[in-house]
Amino acid sequence: MRLKLVCSAILAISSLPTSISAFSPRHHHRTIYASTRLFTSALETLADLTTLSIDSGCIDTVAKYAKTGLITDATTNPLFVSQAGSNGDVRYEEMVMEAVTYAKAKTCAQDGCDLPDNTLNLAVDRLAVNLGKQLTSLVSGRVSTEVDIRLSYNTEASVERARSIIAMYEEMGVSKDRILIKLAGTWEGIQAAKVLEKEGIQCNITLVFSFLQAAAAAQAGAYLISPFPGRILDWHKKQSGKESYPPDADPGVLAVKRMFAYFRKYKYDTICMPASWRPSRGVNVEGGDVDQILALAGVDEMTIPPPLLDSLSSMPSTVVVRKCDAKADAAACTDPDFLLTEDSYKTYWDTDDCGKEKLKEGIDSFTVETEKLIKILIEKF
Ligand SMILES: *[C@@H]1O[C@H](CO)[C@@H](O)[C@H](O)[C@H]1NC(C)=O
């Protein structure tokens, strides 16, 4: 099961350095350069240039990494929670049962639930909030909570669900500035972010595979985007038939650099936080697993899975060289800045084969996961 894999990925992290990066404010551009301090591993040096976070639904994994001071943010994943629920861990089981009880109490009468879908949707959100609350007590930074992926093409419904998620957090005493609402990078999802950001609800636009999505998200005032250089590379490899790329010429790396440069040139505050990594130079190249990470050193933030954090901690600090620099990249940016409208966006999007294919694939696979979770919840009712 996936959860077991995630949890068993807990590594010998006692060797990881302690308190490297504290929670940093949004516009952090670090002024302490590696040369002014001595670092022993690539992980420490990288953490000095880029704020690092972890993607895991496993409380124990997040807790262990948070203790090293490396992890400032975290992300909920309801599927992990529900799987853990069936694995017999009481902490998750309690979250699941509370979510079910809560949803019933809010939406059902004595003699049954009129709109079972509403009850189930509320239970899904409540479960994410329960896990999110737990995570906020482990990390000092923000916790992302996703809006139902099935609403990715519905702005209004996404806004409603996001508001309700934030309200539940606030009821539990978790302030909205600790939370990021995750929305898929569709035009409709990005427009939902535009509405929410105006209400002071910060958003994480995920499943970003193209410059167009990044530009629209920045223009909407999104707090953060999560581009996926690994999956962008997958698409280009398939397209070109090439097995490998030099990391600095890797299309996934170049795509993220282009987004970062555009944000900095036109002074958008949006944070560029890539996640999803592949070896640029192909499989079986020593150290290749962190090719894309090293090629993007210096970008605002990164989400890195435990095995790659471990690879970095076993590499010498000299492999880390700043590759993203706000000033230099802004100066090199050749993209114009013009306001995207729904029409112009959709016209460009139509020609964006990588974006279209990968976004659809991402939404489809999250939809399958959400439906699995709902099946599990139905059994608990
Ligand atoms: C934003 O979402 C992405 C994709 O799920 C995740 O990897 C990343 O950690 C999230 N960012 C934060 C700050 O939670």
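## The second largest pocket

The second largest pocket has a lining of 21 residues, and those nearest its centre are Ser210, Phe211, Leu212, Arg258 and Asp352. The model is a predicted one, in which local features need pLDDT of at least 70, side-chain atom pairs count only at pLDDT 80 or more, and totals for chains, interfaces and linings use all residues. Residues are numbered from 1 along each chain as its sequence is written, and side-chain values use heavy atoms, with hydrogens and water left out.

A pocket is an open set of points on a 1 Å grid over the protein atoms alone, with protein on both sides within 12 Å along at least five of seven lines; a cavity is a set where a 1.4 Å probe fits but cannot get out, and lining residues have an atom within 4 Å of a point. The space in the second largest pocket amounts to about 410 Å³, a volume being the space filled by probe spheres set on the points, which are joined across faces, edges and corners. At least two lining residues come from each of α9 (211-219), α10 (229-240) and α11 (251-265). Helix α9 provides the largest share, 4 residues. Helices (H or I, at least four residues) and strands (E, at least two) are DSSP runs, numbered from the N terminus. By residue class, the lining of this pocket holds 13 nonpolar, 4 polar and 4 charged residues. Here Ala, Val, Leu, Ile, Met, Phe, Trp, Tyr, Cys and Pro count as nonpolar, Asp, Glu, Lys and Arg as charged, and the others, Gly among them, as polar.

## The enclosed cavity

Rolling a probe the size of a water molecule over the atoms shows where empty space is left. Across the whole structure, the search finds 1 cavity of 30 Å³ or more. The largest cavity has a volume of about 110 Å³.

Its lining consists of 13 residues, with Val147, Ile149, Lys182, Leu183 and Ala184 nearest the centre. Strand β4 (residues 179-184) gives the most to this lining, namely 3 residues. The lining of the largest cavity comprises 6 nonpolar, 4 polar and 3 charged residues.

## The chain as a whole

The chain contains 16 helices and 8 strands. Of its 381 residues, 57% are buried; buried means under 20% relative accessible area, exposed over 50%, and partly exposed in between (1.4 Å probe, protein chains only). The accessible surface comes to about 16,300 Å², and carbon and sulfur atoms account for 54% of it. Areas were computed by the Shrake-Rupley method with a 1.4 Å probe; for residues, only the protein chains shown count as cover.

Contact means heavy atoms within 4.5 Å. Of the contacts between residues at least 6 apart in sequence, 72% join residues at least 24 apart.

## Nonpolar cores

A nonpolar core is a set of buried Ala, Val, Leu, Ile, Met, Phe, Trp, Tyr and Cys residues joined through side-chain atoms within 4.5 Å. The largest nonpolar core has 107 residues, and Ile181 and Ile304 have the most contacts inside it. Apart from this core lies another, of 5 residues, which include Leu180, Tyr223, Leu224 and Ile271.

Beyond four places in sequence, Ile181 touches a set of residues that includes Thr145, Val147, Ile165, Leu196 and Asn204. Glutamate 197, in helix α8 (residues 187-198), is buried at a relative accessible area of 17%. Leaving aside neighbours within four places in sequence, glutamate 197 contacts Gln202, Cys203, Gly221, Ala222 and Tyr223.

## Individual residues

Most residues other than glycine have a negative phi. Lysine 267 has a positive phi of about 60 degrees although it is not a glycine; it lies in the loop between α11 and β7 (271-272) and is exposed at 69% relative accessibility. Asparagine 284 also has a positive phi, near 65 degrees. This asparagine is in the loop between β7 and α12 (291-295) and is exposed at 81%.

Glycine 282 lies in the loop between β7 and α12 and is buried, at 7% relative accessibility. Its contacts beyond four places in sequence are Lys237, Glu243 and Ser244. Arginine 231, in helix α10, is partly exposed at 23%.
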